[in-house]
Amino acid sequence: MRDAEHAEHYYRAALSNDSRFDGRLFIGVASTGIYCRPTCPAMTPKRANMRFYRTAAAAQAAGFRACKRCRPDSTPGSPEWNSRADLAGRAMRLIADGLVDREGVGGLAARLNYSERQLQRQLVAEVGAGPLALARAQRARTAQLLLETTELHVSEIAFAAGFSSIRQFNATMRTVFSMPPTQLRARAAQRVTQRAPRAGSPARAWGSGIRIQLPYRTPLDVDALLAHLGAQAVPGIEEYADGGYHRALSLPHGTAVATLSRPDGKPAGRTQQPPGRGFVECELHLQDLRDMTAAVQRCRDLLDLDADPLAVDAVLARDPLLAPLVARLPGRRVPGCADPAECAVREVLAQDAAPERARSEAALLVARYGKPLTREFGGVTHAFPAVDTLAGLPPRELADTPERGSRVKAIATALACGDLDLGVGVDRDEATRQLLKVDGVGPRTAAAIRMRALGDPDVSVPAGPDPYEEGTYEEGTYEEGTYEERAEAWRPWRSYAVQHLWAARTTNP
């Protein structure tokens, strides 16, 4: 669309008061110097005073500060950056994971094989802000969240959010919020207090971590999603108890343990939950506070919290087969992963074994070769073994048969030596080609890894067994050709259709 058509489209979105546009569109008001979300309860400004931006960072770079009433900088992330496979989508995923904080813009450009100048130009054209502005907006949001929901000292918050100095922290918070950090904390509408955990929860004996809320777009059955992850939990690195899911995280500066649960109370800093949004309660126990940004994003990816369930369900409900499944559980998510390498190893273990057998073998690897946590949290005692450790083991140590052990060794070796890259922001098509070159990885396994480890929302798992699988496979009642033809109508949300079909097969064998 031309600029005038874009502006007219955005203006109509602003008038609609539709929560589906929150996180996708930000409205700057020239007469007040603030920017809002489309569903802001304040009076709609005059058309002549409205400026439209696709990211909060772009609005901040234009000199606008966040509205204190609708808090546009706290919306769930745009699902566009997960679905897009181009440079902008890959860059946005890397920035969200905190790469700019760790390696700078040069590190981001090198990871994407672009020059810094090309990267800057492309991002400004696509999202209205360069990588530094995008990273700054993310740091400011993380700092605001910690100021309002924790009792951490202000200096600890500065470094946890990714700032390199206290001076930079104070200057950024003044620019973005028009007040210093201490005043921002003092003016929070509601401070989070340490609530007593439910009786019997492992968190009861763990002590207090950093408690935050992870927003998402409704609908979402949080209990069902956490129970699903719990059913697949590998002892030692994961535990599901009393409605809470606990798992170890391997992060750039150390390990951590995250606890995810459905909240009992209201989100911090506001008196009521905005329409169309909910939140998951997250408690983080970090070995190094600098991993805060990465830990939060890994948890969001694990639960697919940036998805747009209304858009997904609208497409899938057109299919007569999927319509009743969507009606039964609207807003179904595609569970992601907290560690792509771990996900790949576990998928290879699972491709020719019953789920219980695969989990048992993974648990044995964790107990023997996993990295012990500096502090155990209930049944969460280790981080998943490093791929270079697994690559150095004989096949008989990796699985219960030499053939299966050889496949695990092959994918661990490919990951360890760099022949296979499943990191955040990789080119998904290239990663899939690399996967299929690994001995023992068939099309179905590669598709499952692409879906979960790479977060691709549009993966159709091939019908029929991989050559390495012992059993047979059916997807619904389709023959292979018919299934693939019908799946074309599910684009760009085929991963969600697969989740509905898998769930239906499990509940109605």
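1. Which residue in S9 is the bridge partner of Leu214? Val280 is. Before going on, bear in mind that this is a predicted model.

2. Five strands make up an open sheet, ordered S5-S9-S8-S7-S6, with antiparallel pairing. Strand S5 (210-217) and strand S6 (238-241) sit at the edges, each pairing on one side only. From one strand to the next, the twist averages 25°.

3. Setting aside residues up to four places away in sequence, Leu214 touches Leu260, Gly278, Phe279, Val280, Cys282, Val296, Cys299, Arg300 and Leu305.

4. As background, nonpolar side chains tend to be buried together in soluble globular proteins.

5. A closer look at H7 (residues 131-149). The helix is mostly covered, with 16 of its 19 residues buried. Its length also checks out: at 1.5 Å a residue, the 19 residues should span 27 Å, and the end C-alpha atoms are 27 Å apart, which agrees.

6. There is another open sheet to look at, built from four strands in the order S3-S1-S2-S4, and here the pairing is mixed. Its edges are strand S3 (50-53) and strand S4 (65-66), each of which pairs on one side only. Strand S2 (residues 34-36) pairs with S4 in the parallel sense over two bridges. Within that pairing, Tyr35 has Ala66 in S4 as its bridge partner.

7. Next, the hairpin. Strand S10 (residues 371-377) and strand S11 (residues 380-383) pair in the antiparallel sense, over three bridges. Two residues lie between the strands, and Gly378 in the turn has a positive phi of about 60°. Phe377 has Val380 as its bridge partner in S11.

8. Is Tyr369 buried or partly exposed? Its relative accessibility is 22%, so Tyr369 counts as partly exposed; the cut-off for buried is under 20%. Tyr369 is found in helix H16 (residues 355-369). Leaving out neighbours within four places in sequence, Tyr369 is in contact with Pro385, Thr389, Leu393 and Glu397. Ala383 is 14 residues from Tyr369 along the chain, and their C-alpha atoms are separated by 9.3 Å.

9. Finally, the whole protein. The secondary structure comes to 22 helices and 11 strands. Of the 509 residues, 56% are buried. Among contacts with a separation of 6 or more, 68% are between residues 24 or more positions apart. The protein exposes about 21700 Å², and carbon and sulfur atoms supply 51% of that area.

Terms used
Residues are numbered from 1 along each chain as its sequence is written. This is a predicted model: local features need pLDDT of at least 70, side-chain atom pairs count only at pLDDT 80 or more; totals for chains, interfaces and linings use all residues. Side-chain values use heavy atoms; hydrogens and water are left out. Two strands pair if DSSP finds at least two bridges between them. Axes are lines fitted to C-alpha atoms, for helices over the stretch in contact, and angles run from 0 to 180 degrees between N-to-C directions. The expected span of a helix is 1.5 Å times one less than its number of residues. Buried means under 20% relative accessible area, exposed over 50%, partly exposed in between (1.4 Å probe, protein chains only). Contact means heavy atoms within 4.5 Å. Accessible areas come from the Shrake-Rupley method with a 1.4 Å probe; for residues, only the protein chains shown count as cover.
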